Amino acid sequence: MGQCCSKTGPDAGHKSSNNTTVPSSFDDYSASTAGTDSVVSTNGRNHRRQQNPNVSPGPSSAANGHHSHSSKSTPAHSFAASPFQSPYPAGVRPSPSPARTPGRKFRWPFPPPSPAKPIMSAILKRRGGTATGKPKEGPIPEDHGGEENEGGERPLDKSFGYPKNFAAKYELGKEVGRGHFGHTCWAKGKKGELKNQPVAVKIISKAKMTTAISIEDVRREVKILKSLSGHRNLVKCHDAFEDAQNVYIVMELCEGGELLDRILSRGGRYTEKDAKSIVVQMLSVVAFCHLQGVVHRDLKPENFLFATKDEDAPLKIIDFGLSDFIKPDQRLNDIVGSAYYVAPEVLHRSYSVEGDIWSIGVITYILLCGSRPFWARTESGIFRSVLRADPNFDDSPWPSVSAEAKDFVKRLLNKDHRKRMSAAQALTHPWLRDQNCTVPLDILIYKLVKSYIRATSLKRAALRALSKALTEDELIYLRDQFKLLDPEDGFISLKNFKTALLRNASDAMMESRVPEILNFLEPLSLQSMDFEEFCAAAISIYQLEALEKWEHIASKAYENFEIEGNRVTSVEEIAKEMNVGPAAYSLLKDWIRDSDGKLSFLGYTKFLHGVTLRSSNMRHHHHQ
Ligand SMILES: Nc1ncnc2c1ncn2[C@@H]1O[C@H](COP(=O)(O)OP(=O)(O)OP(=O)(O)O)[C@@H](O)[C@H]1O
Ligand SMILES: [Ca+2]
């Protein structure tokens, strides 16, 4: 297994020093992250990458004004050793260089995507390294074999309760892929239904399970794969086995290779038409996962495989190794995933399913332009870019990309997770509307309706006025969702929410306790909602605020509110509504009109928003 040889990069011709230890002008971080490269790059990606003759560093390096490298000397398997390294951070363009060849395919300043590596802290936690100080040098311990965990207190239980007769049922063949946590082999069924059928087997070594977390990860991966099996864009899981050495996950074999390889073989870019069909498939399977209460947490082009070698083969999501169950209102806090694709709120340690949507935004950005939106040489540099940088939508090829496509990507890459589209919503975005995809039930609807039925009458009136200001475009999504709830004579009630959810339920949904949300919809058993009220209940104020048209929508909404919702109120009442104390009174005074004691336009929009007032003695409060 190749240790990371951290030389090269486009500037290797100019500097002879080791790339990972050279502090760059834009990145003051180097030592600890750079050191970690050696740990994570022991994944053997080079084996796979070298099979791809289309990965040529030439164009991008040339565009950067550097000399091309001969690909034979540059293993592209690790980030630090990628031949596509650019010395420029996200958003910074190289000055025009004499080496730039007009008409080249890549006039884009950033390198085409290379395999992403897991976020260091995640690896350390799961592999039992130390999160502080210098990480262990050398390869990840493979033959620990010990039955004790780090602390040495309790032996780790490495029995999973899976059948032990893998060898009797399958004949193992050559390796077809390798990740950081396991390797995958071709295999053939020896008997039964899969006799002589080719399958893929992910083999995870028990010796590498050195922490309780890593064991739990495998257990969960199998559970999630098994219970979600069935969606056309999700790899089918046939079986799981174990023996003393390994866990074996037997899956449908995807012969078409990784999405990453297809991106690279197309010179780093997809046409909009082709990108759309990829994005629709990603969104539809992710919407399905989210409805089941599963968050994937590691969406990247390496984790989408094509079923066959055909150009239009279906795309399959794989690798639920970092996935987790999530309750509708739960926030997760462990930082996992791959740096290029990680959402800002994951780095802030408070996230939910929207993190996956961000990753799809990153992938879509790459599909459309061939470069990563957030890029730097070190992990911390990438993180900083994710947290602060605005992706480049100005340079080639963006001017020739449709406005809808750009709007689509921007609405997935919103740094505020509340403003991001959900997967089901994204499927109804104008960019994808010509794809005629079936829109799945959106779990977001359940969350929004839940808080609507608990809202005060003033808040409901405010939302109703807002929903009447929506344009036909925005109503398309709501109409689809309403239809999925199967209204009777134009009305829905608790029963409809129940039936729709259970119609889509898998075992995963029981585990993630999604149906619990139905208990919170109990008040609806006595009422019903028509489409108009459903719209008021199911709109997200945060998402609307993110729209360019927001000001226009807000003023129209306020006009409606003035006619049928605005009434005399008081600072005390509003403070109670907003869940803030007397310290906020002076601020809230501005929200109420002196002339008649009703909400002003400012007051209306702030009230809708459910502001987070920042003051030491005011409570933070989000309406979710
Ligand atoms: N069903 C399959 N059919 C064909 N190849 C597969 C299949 N599943 C996995 N592979 C190949 O094996 C590689 C590693 O599998 P997987 O991503 O599940 O492992 P991992 O170690 O968890 O990965 P990572 O390093 O991304 O965490 C994949 O990138 C892919 O190339
Ligand atoms: Ca993977």
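Colleague: Before the ligand, what counts as a polar contact here?
Modeller: A polar contact is a pair of N or O atoms within 3.5 Å. The model is a predicted one.

Colleague: Then how far is the polar side-chain atom of Asn-303 from an oxygen atom of ligand 1?
Modeller: The distance is 3.4 Å. The pair therefore falls within the 3.5 Å cut-off for a polar contact.

Colleague: Which other atoms lie close to ligand 1, say from Lys-202?
Modeller: The side chain of Lys-202 has an N or O atom 2.7 Å from an oxygen atom of ligand 1. For Cys-254, a backbone N or O atom is 3.0 Å from a nitrogen atom of the ligand.

Colleague: How many residues surround ligand 1, and which are the closest?
Modeller: There are 22 residues around ligand 1. His-180, Phe-181, Lys-202, Glu-252 and Glu-258 are the closest.

Colleague: Changing topic, what domains does the protein chain have?
Modeller: The domain assignment gives domain 1 as 11-87 + 96-133 + 256-435, domain 2 as 166-228 + 235-252, and domain 3 as 443-565.

Colleague: How much area do domain 1 and domain 3 bury between them?
Modeller: They bury about 2,100 Å², with 59% of it on carbon and sulfur atoms. Leu-291, Gln-292 and Pro-328 supply 29% of the area that domain 1 buries against domain 3, more than any other three residues.

Colleague: And how many salt bridges and polar contacts are there between domain 1 and domain 3?
Modeller: The count is 2 salt bridges, along with 9 residue pairs in polar contact, both residues being at pLDDT 80 or more.

Colleague: What about Lys-450, which residue is its salt-bridge partner?
Modeller: Lys-450 pairs with Asp-329, and their closest N and O atoms are 2.2 Å apart.

Colleague: Why do such side chains pair at all?
Modeller: Side chains of opposite charge can pair when their charged atoms come close.

Colleague: How many salt bridges does the structure hold?
Modeller: The structure holds 30 salt bridges. One of them joins Asp-324 to Arg-220, with the closest N and O atoms 3.6 Å apart. This pair links distant parts of the chain, 104 residues apart: Asp-324 is in strand β9 (residues 324-325) and Arg-220 in helix α6 (residues 212-228).

Note on methods:
Residues numbered from 1 in each chain as written. Chains lettered and ligands numbered in written order. Predicted model: local features only at pLDDT ≥ 70, side-chain atom pairs only at ≥ 80, totals over all residues. Heavy atoms only, no water. Domains from an automatic or database assignment. Buried area = accessible area lost by both parts, 1.4 Å probe. Salt bridge = Lys/Arg side-chain N within 4 Å of Asp/Glu carboxyl O. Polar contact = N/O pair within 3.5 Å; in protein donor to acceptor, adjacent residues only side chain to side chain. Near = heavy atom within 4 Å. Helix = DSSP H or I, 4+ residues; strand = E, 2+ residues; numbered from the N terminus.
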